[in-house]
Amino acid sequence: MRDTASILPLRVENASFQGEGRLLIDAVSFTIPAGGLTVLLGPNGAGKSLVLRLCHGLLEPSAGSVRWAYSGAGGIKRHAMVFQKPIMLRRSVEANVTHALAAAGLAGAERRQRCGEALARFGLSERATQPARLLSGGEQQRLAIARAWALRPELLFLDEPTSQLDPAATRQIEELLAGLVAEGITVMMSTHDLGQARRLARRVLFLHRGRLVEDRDAAEFFAGPQAEEARAFLAGELIW
Amino acid sequence: MDFGAIFQAAFALMVGLDPTFLAIVSLSLRVTLTAVFIAALIGLPLGAALALSRFPGRPAVIVCLNAMMGLPPVVAGLVVFLLLSRSGPLGPLGLLFTPTAMIVAQVILVVPIVIALTRQIVEDLWAEYRDHLRSVGLEGLRAIPTLLWDGRFALATALLAGFGRASAEVGAVLVVGGNIAGYTRTMTTAITLETSKGDLALALGLGLVLIVLTLMINAVAFGASRVGARYAG
């Protein structure tokens, strides 16, 4: 059904990105192996979104490379992305999911089946026929995650998925993400919310002004970061 | 002038379903609806493609299209007249002074409206959808069906704007159709003629139909935007 070779690890080597004449991402290197949740941490404007977009292929690095272990058969991506502000098509909840599946080239029957599974998995079944844009903010983000999940990604990118949500909805999304990791999906998300990073991260990539300043196991990072900027950020004294 | 009698005669034409009157109304609708349909087939994809493409000279194309929205109908009529006249490049087709010629002229009037409004609608939608559509692999021309479908309510309003322009204009259909009784006489050309002849009852009856039509177009446009708002959230 799906081919077995994994697209992971993802290797980012000296990736830089230039925009409007400025170097926004400066020679960032890291590897994302299969499994676990990696948090891309840093203040606003550090370049977190750009790094995720470079990884997902929405942007091309101006130097360096973003390489997958296996590029997949038939050109179908096995990584998906959820954005800060949920992008909801002007369609019903289920049509939002089936549209993404159709774009991935799946046939009608499989689309409906996977859509049903995804809506059930994320508690949106009763909302199936409602216009997606009338859902609450939390439900919209849940639908965005369900839509990405339906594509059966090995790696899921999330760009500050809870920054526009209230605490209850945030907690719900965090539980969902923990569930995805338990299911074996590798997750890489950006956040500037320290509490969230502490709750979720297995590993932290700390980004500051377009440079990767620290790449550590989460427990070690929060116990005592080595980089000056990371210490300042944890102390709430940062810096941007 | 006895306005009471004129109104009475006009209503008698409308209520009595006078055959001449009905023939004029149905020809007008046939010509304009066909023109809008063809303009939609041409204009929706082209407008969407223009929204998504980047090429040198694109701003100039957009300015020209926007300007074409205000193209005087008689000028459009004149262009089609020159093309279709006996000595013109398409003269051998023998289309001048036929309903087909009127459709062609109205297509020329409506296409710029459809392209220009579609471009704007699709460009705005693309700005909002871009990240997600690119993420699921829909880029360039592959994104067009999604964008046209999701813009359907706004696009319906664009088509109704085109319908409004075509149904109200008199210059183009008069020049290329010739206002031949029972063949190319539309509501607007008939009103022009009957008014100058002094047959105000027919002119007024047709005028009332045009006004009702305009009201209906606006009611439908309003309804479309209300339904659209439900989905747009």
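**Exercise 1. Aromatic rings**

Which residues do ring pairs link into a cluster? Find the cluster, then examine one further pair.

*Solution.* 
Step 1. Rings of Phe, Tyr and Trp (its six-membered ring) pair if their centres lie within 6.5 Å; planes under 30 degrees apart are stacked, over 60 edge-to-face, and the rest tilted.
Step 2. Read off the cluster. Its members are Phe206(A), Phe221(A), Phe222(A) and Phe233(A).
Step 3. Take the total. There are 6 aromatic pairs over all chains.
Step 4. Examine Trp68(A) and Phe157(A). Their centres are 6.4 Å apart and their planes make 70°, so by the rule the pair is edge-to-face.
Step 5. Helices (H or I, at least four residues) and strands (E, at least two) are DSSP runs, numbered from the N terminus. Trp68(A) belongs to β4 (residues 63-68) and Phe157(A) to β6, so the pair ties together parts 89 residues apart in sequence.
Step 6. Check burial. Buried means under 20% relative accessible area, exposed over 50%, and partly exposed in between (1.4 Å probe, protein chains only). Phe157(A) has 0%, so Phe157(A) is buried.

**Ground rules**

The model is predicted: local features need pLDDT of at least 70, side-chain atom pairs count only at pLDDT 80 or more, and totals for chains, interfaces and linings use all residues. Residues are numbered from 1 along each chain as its sequence is written, chains are lettered from A and ligands numbered from 1 in the order in which they are written, and side-chain values use heavy atoms, with hydrogens and water left out.

**Exercise 2. The sheet of 6 strands**

In what order do the 6 strands of the open sheet in chain A stand?

*Solution.* 
Step 1. Define pairing. Two strands pair if DSSP finds at least two bridges between them.
Step 2. Write the order. It is β5-β6-β7-β3-β8-β9 of chain A, with mixed pairing.
Step 3. Find the edges. β5 (79-82) and β9 (211-217) of chain A each have a single partner strand, so one side of each is left without a neighbour in the sheet.
Step 4. Neighbouring strands are turned by 15° against each other on average, direction ignored. Axes are lines fitted to C-alpha atoms, for helices over the stretch in contact; angles run from 0 to 180 degrees between N-to-C directions.
Step 5. Look at one pair. β3 (residues 37-41) and β7 (residues 186-191) of chain A are parallel over 5 bridges. Leu37(A) has Val187(A) in β7(A) as its bridge partner.
Step 6. Place the helix. α1 (residues 48-56) of chain A lies across β3, β5, β6 (155-159), β7 and β8 (203-208), at about 150° to β6(A).

**Exercise 3. Backbone exceptions**

Which peptide bond is cis?

*Solution.* 
Step 1. Recall the rule. Most residues other than glycine have a negative phi, and most peptide bonds are trans.
Step 2. Find the cis bond. It runs from Leu8(A) to Pro9(A), with omega near 0°. Pro9(A) lies in the segment before β1 (10-19) of chain A.
Step 3. Take Asn14(A). Its phi is positive, about 45°. Asn14(A) is in strand β1 of chain A. At 47% relative accessibility, Asn14(A) is partly exposed.
Step 4. Take Ala27(A). Its phi is also positive, about 45°. Ala27(A) sits in β2 (residues 22-32) of chain A. At 38% relative accessibility, Ala27(A) is partly exposed.

**Exercise 4. Chain B**

How many helices and strands has chain B?

*Solution.* 
Step 1. Count the elements. Chain B has 10 helices and 0 strands.
Step 2. Take the extent. Its C-alpha trace spans about 70 × 50 × 25 Å along its principal axes.
Step 3. Take burial. Of its 233 residues, 45% count as buried.

Notes: Contact means heavy atoms within 4.5 Å.
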